[in-house]
Amino acid sequence: MRILVSGGCGYIGSHTVIRLIENGYDVTVFDNLYNSKITVLDKIEKITGVRPDFVLCDMTDIASLEAIFRDSHFDAVIHFAGYKAVGESIEKPLMYYDNNITGTLNLLELMEKYNVKNLIFSSSATVYGLPEKCPVDEKSPLFCLNPYGRTKLMIEQILLDLCNADKDFSAVMLRYFNPVGAHPSGLIAEDPNGIPNNLMPRIISAAKGKIKELKVFGDDYDTRDGTCIRDYIHVLDLADGHVAALNYVFKHKGNIAVNLGTGNGYTVLELIKTFEKVNGVKVPYSIAPRREGDSKSTYADNSFAKEILGWEAKLGVEDMCRDAWKGALNYE
Ligand code: NAD
Ligand code: UFG
């Protein structure tokens, strides 16, 4: 079976492509390389022994996207492509709506036209906004605090409408919690173009001395050490969640949203301490004011993923910290 992977050169996409190949799927990746590098394909080949087909394509350009559908038949699409920086989305909302929404509409239109009826979509725990209670389950109220999050929520709603209109269509919307870590080979890792915003890449920057210190955003939250709680999940566990979702999507019609998280919450300081302990390095940090829009605590109720996909995370926070550092040592 052949799977089309949009954004497959990116962080989560490249790890998922590895798992797809290891599970016997043929893979075609398309990416515009906005936030990734073509060299990741060499690394995927080194790890798996197979080089996925690659097409350089921007999904907002429907003509070049259509050429991909014309050339091959796909059994399913896994849709990672999109912009993902929350702060940037507030500054440049139109850029986010255009890329994430227009690009997705183009993809869906072509899936309909070429009779490709199975989709896995990268949604996000960001659709829960500031959760009132944790763990957060899929029935929790949905609310977005920024344009990036709204693109995720809008796409979820578009998929709901599409599945209502086309009873042959099947969509699994995976709501990722906080993906971190890297392939244990150290060959591929999160390698964003530009300055990283998320916690783990900044821990790495501080450990490498690329920034003077990590700023911990707030230590006066009502949590066990005053810092925010998140559900960090190893990117390879997340990748396996996509393989499980593919098995599901081939056997079911309609639309479901599924949390992909470990179900365990860690504070910012706990993650820093674990990183230092596991890797034997120092992470210089200081306490800074709270970051606007941060939720005090977000971690998953993952029972639906276990029940419906037969999936659960296997790797712990030590594995995440060790593999993230190993991967980072091979990058600038
Ligand atoms: P990433 O930026 O590493 O990967 C996205 C890929 O999509 C990149 O390779 C980029 O070049 C490509 N892309 C962007 N716009 C494109 C376009 N118009 N046409 C073709 N390719 C395009 O991001 P990631 O961390 O791997 O995230 C993958 C998906 O998961 C995204 O949709 C993101 O919103 C979602 N997500 C990520 C996180 C996270 O913390 N990493 C959390 C929740 C959800
Ligand atoms: N943090 C710091 N210092 C930093 C960066 C982050 O203290 O330099 C803290 C944040 O305040 C937060 C925690 O680390 O408490 C995690 O922050 P991230 O930015 O790594 O992650 P978020 O949970 O804020 O958001 C991430 C993605 C979103 C996604 C969401 C849910 O950035 O795109 O997870 O999946 F929607």
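**Conventions**

The model is predicted, so local features require pLDDT of at least 70 and side-chain atom pairs count only at pLDDT 80 or more, whereas totals for chains, interfaces and linings use all residues. Residues are numbered from 1 along each chain as its sequence is written, chains are lettered from A and ligands numbered from 1 in the order in which they are written, and side-chain values use heavy atoms, with hydrogens and water left out.

**The whole protein**

Along the principal axes, the C-alpha atoms fill a box of roughly 55 × 45 × 40 Å.

Next, display the surface. The accessible surface of the protein comes to about 14,300 Å², and 51% of this belongs to carbon and sulfur atoms; the areas come from the Shrake-Rupley method with a 1.4 Å probe, and for residues only the protein chains shown count as cover. Of the 332 residues, 55% count as buried. Buried means under 20% relative accessible area, exposed over 50%, and partly exposed in between (1.4 Å probe, protein chains only). Among contacts (heavy atoms within 4.5 Å) between residues at least 6 apart in sequence, 82% join residues at least 24 apart.

Select residues 118-124, which form strand β5; seven of its seven residues are buried. In a regular strand the side chains alternate between the two faces of the sheet. Here both faces are covered: Asn 118, Ile 120, Ser 122 and Ser 124 lie on one side, and Leu 119, Phe 121 and Ser 123 on the other.

Ile 78 has Ile 120 of β5 as its bridge partner. Ser 124 stands opposite Tyr 176 in β6.

Within β4, centre the view on Ala 76. This residue is buried, with a relative accessible area of 0%. Not counting residues up to four places away in sequence, Ala 76 touches Arg 2, Ile 3, Leu 4, Val 116, Asn 118, Leu 246 and Phe 250. Ala 76 and Leu 4 are 72 residues apart along the chain, yet their C-alpha atoms are separated by 6.4 Å.

**A three-stranded sheet**

Move to the open sheet with the strand order β12-β9-β14 and mixed pairing. β12 (266-267) and β14 (297-298) stand at the edges, each with a single partner strand, so one side of each is left without a neighbour in the sheet. Strand β9 (residues 229-230) runs parallel to β14, to which two bridges join it. Select Arg 230 to find Thr 298 of β14 opposite.

Next, select Arg 224, in the loop between β8 (214-217) and β9. Arg 224 counts as exposed, at 55% relative accessibility. Beyond its neighbours within four places in sequence, its contacts are Ile 229, Gly 265, Tyr 266, Thr 267 and Glu 270. Arg 224 and Thr 267 are 43 residues apart in sequence and 8.0 Å apart in space, C-alpha to C-alpha.

**Backbone stops**

Most residues other than glycine have a negative phi, and most peptide bonds are trans. The last selections depart from that pattern.

- Cys 134 and Pro 135 are joined by a cis peptide bond with omega of about 0°; Pro 135 is found in the loop between β5 and α6 (147-165).
- Leu 33, in the loop between β2 (26-31) and α2 (40-48), has a positive phi near 60° and counts as partly exposed at 23% relative accessibility.
- Asn 115, in the loop between α5 (93-113) and β5, has a positive phi of about 60° and counts as exposed at 52% relative accessibility.

Notes. Pairing = 2+ DSSP bridges. Helix = DSSP H or I, 4+ residues; strand = E, 2+ residues; numbered from the N terminus.
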